[in-house]
Amino acid sequence: MMSSIPVLIVVWAVFTGVFLALLAYNGTITRYEENQLFLEDINANEKAMQTSILQKVARMRPYIRASAALSGLLTIAIVGIYTWDAWQRIHM
């Protein structure tokens with residue numbers, strides 16, 4: 001069972017790296033987002049820009065959640081396998 005730990009750690013590192021990259025990308029997208037309420041069409045350009053930012057964030061949200069969940073599940077699996085193996089070695 002312990003021989004699968006290095007493979008799981010590499011897979012975990014890949015998913016965690018993807019998760020962190022998506023968070024960084026999301027941060028760069030939302031850097032210029034402002035919480036504004038546009039009541040008139042005077043600022044139509046700003047409204048369009050804010051709408052496009054919100055669409056990009058909404059499009060990225062499922063990928064961020066999935067990579068976070070996979071990273072978390074792999075963390076739990078690695079800790080569980082390591083703990084189980086340590087428990088078995090203690091009781092030998």
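Val-10 lies in helix 1, which covers residues 5-29; helices (H or I, at least four residues) and strands (E, at least two) are DSSP runs, numbered from the N terminus. The model is a predicted one, in which local features need pLDDT of at least 70 and side-chain atom pairs count only at pLDDT 80 or more, while totals for chains, interfaces and linings use all residues. Residues are numbered from 1 along each chain as its sequence is written, and side-chain values use heavy atoms, with hydrogens and water left out.

With a relative accessible area of 53%, Val-10 is exposed; the classes are buried at under 20% relative accessible area, exposed at over 50%, and partly exposed in between (1.4 Å probe, protein chains only). Together with Val-14 and Val-18, Val-10 forms a nonpolar patch on the surface, and the accessible area of the three comes to about 250 Å². Patches consist of residues with over 30% relative accessible area and no salt bridge, like charges being joined within 9 Å and nonpolar side chains (Val, Leu, Ile, Met, Phe, Trp, Tyr) within 5 Å. An α-helix has 3.6 residues a turn, so residues three or four places apart point the same way.

Helix 1 has 25 residues and spans 36 Å from its first C-alpha to its last, close to the 36 Å expected at 1.5 Å a residue; the expected span is 1.5 Å times one less than the number of residues. Its buried residues are Ile-5, Leu-8, Thr-16, Phe-19, Leu-22, Asn-26 and Ile-29, and their cover includes helix 2.

## The chain as a whole

The protein chain contains two helices and zero strands. Of its 92 residues, 21% are buried. Its accessible surface, computed by the Shrake-Rupley method with a 1.4 Å probe (for residues, only the protein chains shown count as cover), comes to about 7100 Å², and 67% of this belongs to carbon and sulfur atoms.

Contact means heavy atoms within 4.5 Å. Among contacts between residues at least 6 apart in sequence, 79% join residues at least 24 apart.

## The nonpolar core

Ile-5, Leu-8, Leu-74, Ile-78 and Ile-81 make up the largest nonpolar core. Helix 1 and helix 2 (44-90) are the elements that give two or more residues to this core, and helix 2 supplies the largest share, three residues. A nonpolar core is a set of buried Ala, Val, Leu, Ile, Met, Phe, Trp, Tyr and Cys residues joined through side-chain atoms within 4.5 Å. In soluble globular proteins, nonpolar side chains tend to be buried together.

Ile-78, in helix 2, counts as buried at 14% relative accessibility. Neighbours within four places in sequence aside, Ile-78 is in contact with Ile-5, Leu-8, Ile-9 and Trp-12. Ile-78 and Ser-4 are 74 residues apart in sequence, yet their C-alpha atoms are 9.1 Å apart in space. Ala-77, also in helix 2, is partly exposed at 29% relative accessibility; its C-alpha is separated by 9.4 Å from that of Ile-5, 72 residues away along the chain.

Arg-89 and Asp-85 are separated by about one helical turn, because they are four residues apart in helix 2. Arg-89 is exposed, with a relative accessible area of 56%, whereas Asp-85 is buried at 14%.

Terms used:
A salt bridge is a side-chain nitrogen of Lys or Arg within 4 Å of a carboxyl oxygen of Asp or Glu.
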